[in-house]
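User: Hi! I am new to protein structures and would like to learn how to read one. Could you walk me through this example?

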Amino acid sequence: MAKKKSLISAEELQNAYVDYVLTQGHMPKSVYVFAKENGMSEDEFYNHFGSFEGIEQSIWTDLCRKALTEVENQEIWSQYSSREKALAFFYALIELLKSKRSFVLYSLKQSGPKIGSPSVLKGVKTIFEDFATGIINQGLEQGELADRKFFTSKYKDALWMQFGFILNFWAKDSSAGFEKTDEAIEKGVNVTFDLFEKSALDSILDYGKFMMNNGGMKQNMKF
């Protein structure tokens with residue numbers, strides 16, 4: 001029997017792992033068994049990943065980075081508002097996830113119902129929060145978003161929650177072409193950014209501050 005080609009690249013390892021879990025329905029029993037079945041040594045495996053969970057995390061982070069690269073390379077990207085950049089990212093990410101839907105559903109199912117983010121999304125969360133912070137800062141600098149003393153720092157957390165909502169919605173979406181997910185992205189992101197933007201309440205608070213500082217209200221207020 002001819003000797004199997006040794007898997008040496010991270011991408012080849014990812015593909016072999018995805019093929020295994022989708023055909024077997026579970027993680028390999030051990031790195032030793034997985035390596036042997038794929039014609040490589042344990043050392044070759046550990047040169048790229050420290051565990052099977054590490055492979056899953058890398059697949060997710062690669063998809064997230066690829067989505068960001070695609071949208072950031074668009075000629076019109078620099079002209080987008082922070083809201084438009086968030087929409088573009090989510091649309092791009094879902095398009096990429098479609099090509100790995102079986103694996104994504106498997107990975108999310110294996111993560112199970114947990115409080116907080118699934119461990120496989122640990123690397124994605126870091127990448128996404130950096131992206132979210134960047135577009136939020138842009139929105140604040142350009143006056144698109146309201147700078148609220150106690151809440152601005154939570155904007156990125158709200159976007160991460162939106163990430164989770166969109167991902168879970170897509171995982172359960174059975175509509176043709178996942179058109180319902182596109183609608184969920186549009187409505188969800190728009191509602192989130194509507195909350196980030198200045199509202200009548202912000203205007204009232206700004207006016208109150210102005211009057212307190214300039215209208216003699218401090219001297220007249222009894223509380």
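This is a predicted model: local features need pLDDT of at least 70, side-chain atom pairs count only at pLDDT 80 or more; totals for chains, interfaces and linings use all residues.

User: Which residues of the largest nonpolar core touch the most other members?

Analyst: In soluble globular proteins, nonpolar side chains tend to be buried together. A nonpolar core is a set of buried Ala, Val, Leu, Ile, Met, Phe, Trp, Tyr and Cys residues joined through side-chain atoms within 4.5 Å. The largest one here has 60 residues, and those touching the most other members are Phe 34, Phe 45, Trp 60, Phe 89, Leu 97, Phe 128 and Phe 163. Helix H5 (82-98) is one of the helices that supply at least two residues each, and H5 gives the most, with 10 residues.
Now zoom in on Phe 163: leaving aside neighbours within four places in sequence, Phe 163 is in contact with Phe 89, Phe 90, Leu 93, Val 124 and Phe 128. Contact means heavy atoms within 4.5 Å.

User: At roughly what angle do the axes of H4 and H6 cross?

Analyst: Two packed helices are described by the angle between their axes and the distance between the axes. Axes are lines fitted to C-alpha atoms, for helices over the stretch in contact, and angles run from 0 to 180 degrees between N-to-C directions. The axes of H4 (residues 52-72) and H6 (residues 101-111) cross at roughly 130° and come within 12 Å. That makes H4 oblique to H6; angles under 35 degrees count as roughly parallel, over 145 as roughly antiparallel, 65 to 115 as roughly perpendicular and the rest as oblique.
Glu 56, Ile 59 and Trp 60 of H4 make the contact with Phe 103, Val 104, Tyr 106, Ser 107 and Leu 108 of H6.

User: And how do H1 and H6 cross?

Analyst: Their axes come within 10 Å and cross at roughly 70°, which means that H1 is roughly perpendicular to H6. From H1, the residues Tyr 17, Val 18, Val 21 and Leu 22 meet Ser 102, Phe 103 and Tyr 106 in H6.

User: Is Gln 14 buried or exposed?

Analyst: Gln 14 counts as buried because its relative accessibility is 12%. This residue is found in helix H1. Beyond neighbours within four places in sequence, Gln 14 is in contact with Phe 49, Ile 55, Ser 58, Ile 59 and Asp 62.

User: Where is the place of Phe 178?

Analyst: Phe 178 lies in the loop between H8 and H9. Its phi is near 55°, a positive value in a residue other than glycine. At 17% relative accessibility, Phe 178 counts as buried.

Notes
Residues are numbered from 1 along each chain as its sequence is written. Side-chain values use heavy atoms; hydrogens and water are left out. Helices (H or I, at least four residues) and strands (E, at least two) are DSSP runs, numbered from the N terminus. Buried means under 20% relative accessible area, exposed over 50%, partly exposed in between (1.4 Å probe, protein chains only).
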